[in-house]
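Student: Please give me a close look at one part of this structure. Then connect that part to the rest.

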Amino acid sequence: MAQTTAATDRRLIYRPFLERLNPASPGFLDAQDLIVPPEHDPRDPDQPPIHVSFANTAELSRGSQMALVGGIGSGKTTELRLTLQELGRHADASNLYVDLDEITDLSELNPGAILIAIGLRLYQKITQEDRETNSIKTAFAKLQELARGKTNWVWAGEYDLEPDPEPEMVPVREPGRLKPKFPATKRAVADVRDLVLEIATPLLQEEAQITVLIDGLDRLIQPERFRQFVEQDLRALRKAKISIIVAAPILMWFDQSRFLQDYFDDVKHIPAVVSDPKKSGFLNQVLRRRGAADLMTDREIAELCRFSGGVMRDLITLARTSAEAAYRDDKDRIGTAHTASAIRQLGKRYLVGLGTAQRKIIRRLIDNEEFSIEDSASKQLVVNRQVLEYFGGQRDFFAVHPALAKTLAESA
Amino acid sequence: MTEFATTTAFRLVRRLAIGQDSTSMYLLVCEEDAESVVSDLRAEIGVQMTLPLPVARVSETNVEFPESGSIRGVVIDQWSPDLVAALDTHVIRIERTRAQFLFITSPAIAERLLVEAPNFRNRLTEVLQIVPDTATEGASC
């Protein structure tokens, strides 16, 4: 019986910590003041933090388009939410946070879909009186139709599924001599843009500051697909006074064509955070804000920071796994053995899928600090966070994720 | 296949008990019959947490996951191209359910999934090898 009481009490020790580490909703993070906002741009300590810089640009240069790029788990969503908070400082601002994942199936996204999502959200921002306007009513109805699809009834004879076996004319395309920098906006996308602008008219007429923050496209692992949406949906809004901030996949940062830099007015990169506790206290603060100091000593906190590699989500995962290990061990505090076990588990997770080619690349990086993100194996290592990109001393550099490096060293 | 820390249904469910009210995703790798793992988990969740364990099987439902329950099981008993979209591209949808998800699969599928779904891999609470309760002595987690 005494054992049952002890177990129940221990649950009460660890549960609040786990909830602070991994809250069910992003709103909980804001409400509990659990986010540690960065103090400066991660690539330039003299510049304001990304969320402040983005908010300033959106406020001063309406219609600007900005991209936020970073690896998986680097904190892009947190940065977007901080930007949203910052933009809220002006009461007349219309800020839309669009998580595409909540709206549509990203794997089957069509050009124009993002515009539709923006249009439908903008409709929520205009007054009831404006919604009653005929042109807006019609535009909204058409957008809804485009979003959900519709059924047209036609005479069966008019709807011929078979192509004409002997067409009188066939198209022969003569390519243009001047290759456009970005492909032309598709007709269908331009039509959607017109509907969106119709809905936005009341806000634009009031000179309102409209900013749309788009999250989710960074999960498109194929950078080509991201590019398509930018070239169609975002470009269609280029001349409207609607600012856009979009999360982009990490591979776009290393794209040879420098598409991000060419297309966007401002591009911010979130590299992995310096994870050496002697050089930066940021990760330490993140853990302390979530209550780590109540459950572990400075030494364990420092270990978790170091082996997270500066990947925010890995830091959270390590803290969580350590807490679970301590609970499993019937301990009231997290000890070195628990953090070590969590680090080992994370390292093993990164070990999965490493073939001979990848191991060679990793070995070269560990031994000679040589790494080139040109070939697909190297790119995959960066996307999967087995190799992390850092910025320090005015240069980008790569390093093997420390948890993986430790596991590899132990298994050698 | 990488040797992950081993656990049993009993030990895993003890951990699930402290994680209630926060989302988690465990990838459980089993060498043996997934159905016996499901049955062990169901029994332990029933006893320790007095909760049901709704389970979906990819071979039967493709990638339709259980829509209710604070703990939900998904047996990935065959590879499906839709898995990557459901688990990787849309991993946020799973996170927002506030549920604890147990993905039970074979070593081969687990490896493929971890390689092809980096967003999923990064968001997993943990990857564990699950063994029958009779093999408790070998369990480390």
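Tutor: Start with two helices of chain A, α13 (residues 298–308) and α15 (residues 336–351). Their axes lie 10 Å apart, and they pack at an angle of about 10°. Axes here are lines fitted to C-alpha atoms, for helices over the stretch in contact, and angles run from 0 to 180 degrees between N-to-C directions. α13(A) and α15(A) are therefore roughly parallel (under 35 degrees; over 145 is roughly antiparallel, 65 to 115 roughly perpendicular, the rest oblique).

The model is predicted: local features need pLDDT of at least 70, side-chain atom pairs count only at pLDDT 80 or more, and totals for chains, interfaces and linings use all residues. Residues are numbered from 1 along each chain as its sequence is written, while chains are lettered from A and ligands numbered from 1 in the order in which they are written.

Now the residues that touch. α13(A) brings A:Arg299, A:Glu300, A:Glu303, A:Leu304 and A:Phe307. α15(A) answers with A:Thr336, A:Thr339 and A:Ile343. Contact means C-beta atoms, placed from the backbone, within 7 Å. By class, this contact holds three nonpolar, two polar and three charged residues. (Nonpolar: Ala, Val, Leu, Ile, Met, Phe, Trp, Tyr, Cys, Pro; charged: Asp, Glu, Lys, Arg; polar: the others, Gly among them.)

Next, a loop position in chain A. A:Phe371 sits between α16 (356–368) and α17 (376–383) of chain A. A:Phe371 is buried, with 20 other C-beta atoms within 10 Å. (Buried takes 20 or more such atoms, exposed 12 or fewer, partly exposed lies in between; C-beta atoms are placed from the backbone.) Beyond its neighbours within four places in sequence, A:Phe371 contacts A:Leu365, A:Ser378, A:Val387 and A:Phe398. A:Arg306 is 65 residues from A:Phe371 in sequence. In space, the C-alpha atoms of A:Arg306 and A:Phe371 are 21 Å apart.

Step back to chain A as a whole. Chain A has 18 helices and seven strands. These are DSSP runs (helices H or I, at least four residues; strands E, at least two), numbered from the N terminus. Of its 412 residues, 41% are buried. Among chain A contacts with a separation of 6 or more, 72% join residues 24 or more positions apart.

Turn to chain B. Chain B has seven helices and six strands. Its order along the sequence is β-α-β-α-β-α-β-α-α-β-α-α-β. The C-alpha trace spans about 35 × 30 × 25 Å along its principal axes.

Chain B has a helix pair to set beside the opening one. The axes of α1(B) and α2(B) (residues 34–49) come within 9 Å and cross at roughly 45°. That makes α1(B) oblique to α2(B). On the α1(B) side are B:Ala9, B:Phe10, B:Val13, B:Arg14, B:Leu16 and B:Ala17. They meet B:Val37, B:Asp40, B:Leu41, B:Glu44, B:Ile45, B:Gln48 and B:Met49 in α2(B). This contact has nine nonpolar, one polar and three charged residues.

Last, the chains together. Their contact takes 30 residues from chain B and 30 from chain A. On the chain B side, α1 (9–18), α4 (81–89), α5 (91–95), α6 (107–116), α7 (118–123) and β6 (126–130) give two or more residues each. That side has eleven nonpolar, nine polar and ten charged residues.

Notes:
Two residues are in contact if their C-beta atoms, placed from the backbone, lie within 7 Å.
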